[in-house]
Amino acid sequence: MRRGLTRIAIGVAMLLAGCGDDAGTPLTIGTNVWPGYEPFYLAQASGLLPGKDVPLIQYPSASEVIRGFANGAISAAAVTLDEALLMSARGLPVKIVLVIDASQGGDAILGQRGLSRIEDLAGRKVGAETSALGAFMLCRAAETHGLDCRRDFTTVNLEASEHEQAFTAGTIDAVVTFEPTRTHLVAQGARVLFDSRAIPNEILDVLVVNTEVLNNRPRQIAALLAAWFAALERIKADPSGTAAVMAQREQLTADEFLQAMTGLHIPGRAENLALLEQPGSVATQAIPNLVRIMAQHGLLPGPVSPDHLIDPAPLRAVAP
């Protein structure tokens, strides 16, 4: 396995160092803190993804990632699918090239002690990133419990980096958050009122790339995807050792990180192709459902076309 990964690393380096329009221009990727994004950082730490060629920039929140993409500071971004739709609806030139993961409990609405149901939040203050996933999650929780997220809750707009402090200080009654903050707060006694297991395959993380970059620098995109799947192979071969590395950025122990990873599913290349290629479930199921819900709740500023949002070609170029 070690020799195989070395060959992959050499192949990735050759792709990144290729000639023509790919040469010499870094492919900058923005993320926020989320366990599902850690394979990118593991790939970099393992030498599979040279940092000078593919810099990874950690932003404090998803909202900041979107702003970084909009102002040209980054060429690609790891975001949730609803955030990708929001970016497209705002006119940003994005293409989805990879399904990073599907949340299966890693995103949650947490309540203070004494609260046990979503209905208990009626009239109370709920912290959330209202321009991103938090707003969608809160509206879906309300919808599944016969409530209206705009009418029944008092929403407090908080960046992800503010969630833990606001909750522990008691300035909010609940928070829409995700790992690793979820693990930190549950350890302090927070109650899970709702999580992404209740809405399967609706909260997906995806990699979006600037359309111009995708068209002009295909070898870099292929190298990035190859490094991603190589990192997944390394995780499979050594789950404990790689968890110890990936847990550090998340400020979790290795055991906590492994537990947090049980709240999401990371698809391999074949499953990714099935999700992205027409008639893949992202275009025919996930996006239409998200568009419907987001439009109903005023979360989309414009139209979104699934046919123009997904490009599986870079994934097809990666050897199985």
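Reader: What is the accessible surface of the chain, and how much belongs to carbon and sulfur atoms?

Author: The accessible surface comes to about 13100 Å², with 51% belonging to carbon and sulfur atoms; such areas come from the Shrake-Rupley method with a 1.4 Å probe, and for residues only the protein chains shown count as cover. This is a predicted model, in which local features need pLDDT of at least 70 and side-chain atom pairs count only at pLDDT 80 or more, while totals for chains, interfaces and linings use all residues. Residues are numbered from 1 along each chain as its sequence is written, and side-chain values use heavy atoms, leaving out hydrogens and water.

Reader: Why is the pair Arg249 and Glu38 called a salt bridge?

Author: A salt bridge requires a side-chain nitrogen of Lys or Arg within 4 Å of a carboxyl oxygen of Asp or Glu. The closest N and O atoms of Arg249 and Glu38 are 2.7 Å apart, so the pair qualifies. Arg249 lies in helix α11 (residues 239–250) and Glu38 in helix α2 (residues 38–45), so the bridge ties together parts that are 211 residues apart in sequence; helices are DSSP runs of H or I with at least four residues, numbered from the N terminus.

Reader: What makes Glu38 buried?

Author: Buried means under 20% relative accessible area, exposed over 50%, and partly exposed in between (1.4 Å probe, protein chains only). Glu38 has 1% and is therefore buried.

Methods. Helices (H or I, at least four residues) and strands (E, at least two) are DSSP runs, numbered from the N terminus.
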